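Subject: Handing over a structure

Hi,

Here is the structure I promised to pass on. Have a look at it, and then read my notes below.

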Amino acid sequence: MNTTPKWWQKAVIYEVYPRSFQDSDGDGIGDIPGLISRLDYIKSLGVDAIWLGPVFKSPQDDNGYDISDYQDIDPLFGSLADMKRLLDEANARGLKIIVDMVLNHTSDEHPWFMEAKKDRTNPKHDWYVWRDGTPDCPPNDMLSTFGGSAWQWCEDCQQFYFHQYSVKQPDLNWDNPEVRHALYDMMNWWADNGAGGFRLDVIDSVAKVPDEKITAEGPNLHKYIKEMSAAVLKGRDLVTVGECWSATPETAQLWSNPDGSELSMVFQFEHICLDQDGPFKWDLKKLPMADLKRVMRRWQTELTGKGWNSLFWENHDLPRIVSRWGDGSEKAATMLATVLFGMQGTPYIFQGQEIGMTNVKYELEDYRDIEIRNMAAERLADGYSLESVMESIHAKGRDNARTPMQWNAGENAGFTTGKPWIKVNPNYTTLNVEAQEKDPNSVLNYYRYLVQLRKEQDVIRDGDYTEIMPDWDNIFAYSRDDGNKKLTVLANFSGETVEYPAWTVDTAGEPILCNYGSWPEEGLLRPWEAVMYLK
Ligand code: GLC
C-alpha cells in the first residue's frame, strides 16, 4: 500500500440498532441512556467505533430513517443532552460514534417538506422532487422499495412528489445547491459536536433523475459526493461509509479513492444478493457457493491499493447470517466470522452477531417492519399463499435482525422491564451475553479474539488475497500474503465433514485459531470448522 494507513483500516466497527439494543426507561424501546450503560460491553469487544442507527426526531414510519429534525433527538431515544453525553462517554473510552445520516430523503413531517408542499412558489418547494400530472396518472411507473408507486399526489400543491421509500419519506432534490449546503452544514455541526464519522444511507441514490428512471449512480453523483467531502470531511479525521447497493468494484474505486476525495469505503451488496432469485429480495434460491467465492475474491483483489472494502455479513436490514448461510449453530457462527475477519477491509459486527443471534419465525402479526407489512399485504392480495409469504419473511425479513439484544436469561432477555416493541427471540434463555461471558469457547469470546488478531497482524490489513480450492463447493479457503507473513484461512462452509487433498493448502507455520477445541486433522474439516494458519 503506498499511502499511510488510516486508523479505520485497522478498525472494527460495531453497529447498534438503538431501538433494539438496551431500554432504560421501561417503554420497551431501546434508548441512548441504555446504550451508554452498555458502552463498557462494546468496548470489551475491542472495537474502535459504533455505527449508531438514526436517533433523530422522527415519526418512526421507517424506524428513524424518516427524519423530521436532523439536529434534535427523538424523545423515544432521549434528548440532545443524552446524545452529547453518549458522544463524551464513548469518546472517553476511545470509541468513535458514527452517525447514521439519511440524506436522500426526509420525513414528510420535516419542516422543509411542510413548507415545500404548501405551493409551487414556496422557497422550499424545489427542495424536493416534484412533477406535474393528474391524480390518476403519475409521471411514470417507477416503484417504491416499500411497494406501490414511487410517486405520491399532493393535494396542497397539486403535483406529485417522488419517494424511493415510503410515502412518508419524500426524496430531497440534490440538484438544488441550497439543499446540499443545508445538509453539509448540518453534518459539520455533528462533526463539531464530536461525531467520529458518518454512515450515509442510500447515498448512491441522491443524484436521481426520475424522468429517466435513474435512481442509483445518477450523472452528477460523484460530483456531489466530492463536493460534500470537500465541504465536510476535509481536514477532519472522520470515517465515512456509504450504503451503495449499486456499487461495483469499478465504482467503489471512486467512492473509496485513497486520495480521500470521496468516502472512506462503501457497503456493497453483491455478495448479499447471491441467494436471491430474480429482482425481488423475497424470492429465494440456494446460495451458489462458487459465486460467493468469486464475488468476494473480486472485491478483495480489485480494491487493493485502489480503494477500501467494508466487510459485513449482517446489518439491521439483513437476516442473521448464522441462520442464512449456516445452520444456526455456534460452529457456523464462528466459521462465518473467521472467513470474514481474515479479509482485507474494515469489518462490521451487527449487534448480536457476536453471540450468534439467529433469525426468528414469528406469526405475521408479530412483525413490525413497514417493508414486511407492505410486502405481505401486496403478495397476499396478488394470490401468493400465506405459507410462501411467511417463508420469505422468515428467511429475509428485516425484523430478523431487529429483535431485542439478548443480554441475559432474565425477563425480556434483560432488554427492557416493559413490553418490548417487538418480541424477543425465544432462544434468549440459552443464547445470551451473560452465558457467553462465562464460557471461554463462546462465540462472543471468539469474536473478541478475531478483533484482537486484526490489531496484531498487519498481514490482515495489507496482504494480497489468493483464493484456494476455488472449485470446491463446501470449502472457503484463501491466503493473505504481505511478503513478510502469510495467513491461510480454511473453512468448511457446510454441516458435513469434508475431505480435501491436503497438498492444496499451505498449512506451514502455526495454526493460530480454530473454532473447535482441538486442531484439525490434515486433509479433513469437521462440520463448519474454520482454522487460520500463520507463517
Ligand atoms: C437504508 C436503511 C434502511 C432504510 C432505507 C431508507 O437502506 O438501511 O433501514 O429503510 O435506507 O432510508
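First, a term you'll need: a residue is called buried when its relative accessible area is under 20%, exposed when that is over 50%, and partly exposed in between, using a 1.4 Å probe and protein chains only. Helices (H or I, at least four residues) and strands (E, at least two) are DSSP runs, numbered from the N terminus.

Some housekeeping: this is a predicted model, where local features need pLDDT of at least 70 and side-chain atom pairs count only at pLDDT 80 or more, while totals for chains, interfaces and linings use all residues. Residues are numbered from 1 along each chain as its sequence is written, and side-chain values use heavy atoms, with hydrogens and water left out.

Strand β20

Let's start with β20, residues 530-534. Since 5 of its 5 residues are buried, this strand is largely enclosed by the rest of the structure. Both of its faces are covered, with A530, M532 and L534 buried on one side and V531 and Y533 buried on the other. In a regular strand, side chains alternate between the two faces of the sheet.

As for its partners, two strands count as paired if DSSP finds at least two bridges between them. β20 pairs with β16 (residues 486-492) in the antiparallel sense over 5 bridges, and Y533 is the bridge partner of T488. It also pairs with β18 (residues 510-514), again antiparallel, over 4 bridges; there M532 is the bridge partner of L513.

The open sheet

Elsewhere there is an open sheet of 8 strands with parallel pairing, in the order β11-β10-β9-β5-β2-β1-β13-β12. Its edge strands are β11 (265-267) and β12, each of which pairs on one side only. Within the sheet, β5 (residues 96-101) and β9 (residues 197-200) pair in the parallel sense over 4 bridges, with V99 standing opposite F198 in β9.

Which residues of α8 are buried? They are M289, L292, K293, V295, M296, W299 and Q300. An α-helix has 3.6 residues a turn, so residues three or four places apart point the same way.

The buried residues of α8 pack against α7 (249-255), β12 (310-311), α10 (330-341), β14 (464-468) and β15 (475-481). Contact here means heavy atoms within 4.5 Å.

Helix α14 (residues 443-456) is mostly covered, with 10 of its 14 residues buried. Among them are V443, Y447, L450 and R454. For its length, the expected span is 1.5 Å times one less than the number of residues; the 14 residues of α14 should span 20 Å, and its end C-alpha atoms are 20 Å apart, which agrees.

F341 lies in helix α10 and counts as buried at 1% relative accessibility. Leaving aside neighbours within four places in sequence, F341 is in contact with V12, P347, I349, Y447, L450, V451, R454 and I460.

P170 sits in the loop between β8 (159-162) and α5 (177-192), and P170 is buried too, with a relative accessible area of 0%. Beyond its neighbours within four places in sequence, P170 has contacts that include H105, F113, Y128 and Y161. P170 and V129 are 41 residues apart in sequence and 7.8 Å apart in space, C-alpha to C-alpha.

Cavities and the pocket

Both come from a 1 Å grid over the protein atoms alone: a cavity is a set of points where a 1.4 Å probe fits but cannot get out, a pocket is an open set with protein on both sides within 12 Å along at least five of seven lines, and lining residues have an atom within 4 Å of a point. Grid points are joined across faces, edges and corners, and a volume is the space filled by probe spheres set on the points.

How many cavities of 30 Å³ or more does a search of the whole structure find? It finds 3, and the largest cavity has a volume of about 60 Å³. α8 gives the most to its lining, with 3 residues. The lining residues include M296, W299, Q300, S310 and L311.

The largest pocket has a volume of about 1300 Å³. Of the 47 residues that line it, the closest to its centre are S144, T145, F146, Y165 and E371. Helix α11 (residues 370-381) supplies the largest share of that lining, 5 residues.

Cheers
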